[in-house]
Amino acid sequence: PSETRRFQSFSIGMINLGFCVHVTVDEQRLHLTPILPMRWAGLRPASLPWVAIEPKPQGWRKGWRTARLGAGSDLHGPAWCLGLAERE
């Protein structure tokens, strides 16, 4: 089973993508698709395997989670999807 939510907010490192990402989660991956204007600007969709996402301890912002990507960047986003990385 997968779940999709549109116009979600994420930040990766210093890049803030407020309300600019459509997200689909399934058992294997976190799929991030930038909205059309962001794709025109050169951002590309990404599918990240859960094994490459290392959850960090929950911070003080309710509803948000932080995870470290395999490449070493921090990914901040909604808890509904990043919280799934803790299951893996």
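**Ground rules.** I number residues from 1 along each chain as its sequence is written, and side-chain values use heavy atoms, with hydrogens and water left out. As the model is predicted, local features need pLDDT of at least 70 and side-chain atom pairs count only at pLDDT 80 or more, while totals for chains, interfaces and linings use all residues.

**The sheet.** I looked up the strands (DSSP runs of E, at least two residues, numbered from the N terminus). I found 7 strands in an open sheet, in the order S4-S3-S2-S1-S7-S6-S5, with antiparallel pairing. Two strands pair if DSSP finds at least two bridges between them. Strand S4 (46-49) and strand S5 (53-55) are the edge strands, each pairing on one side only. From one strand to the next, the twist averages 35 degrees; axes here are lines fitted to C-alpha atoms, and angles run from 0 to 180 degrees between N-to-C directions.

**Pairs within the sheet.** I then went through some pairs. Strand S1 (residues 3-12) is joined to strand S2 (residues 15-25) by 7 bridges. Ile12 stands opposite Ile15 in S2, and Ile12 also stands opposite Leu75 in S7. S1 and S7 are antiparallel and share 2 bridges. Between strand S6 (residues 64-69) and S7 I noted 5 bridges, with Arg68 opposite Asp74.

**Cover on S7.** In strand S7 (residues 74-78), 4 of the 5 residues are buried. Buried means under 20% relative accessible area, exposed over 50%, and partly exposed in between (1.4 Å probe, protein chains only).

**Ser47.** This residue lies in strand S4. Ser47 counts as partly exposed because its relative accessibility is 40%. I looked for contacts (heavy atoms within 4.5 Å). Leaving aside neighbours within four places in sequence, Ser47 is in contact with Arg29, Leu30 and His31. The side chains of Ser47 and His31 make a polar contact of 2.6 Å. A polar contact is a pair of N or O atoms within 3.5 Å; within protein, one must be able to donate a hydrogen and the other to accept it, and residues adjacent in sequence count only if both atoms are side-chain atoms.

**Thr4.** I found Thr4 in strand S1. Thr4 has a relative accessible area of 49%, so it is partly exposed. Not counting residues up to four places away in sequence, Thr4 touches Val23 and Thr24. Its side chain joins that of Thr24 in a polar contact of 2.8 Å. I also checked Arg65, 61 residues from Thr4 along the chain: their C-alpha atoms are separated by 18 Å.
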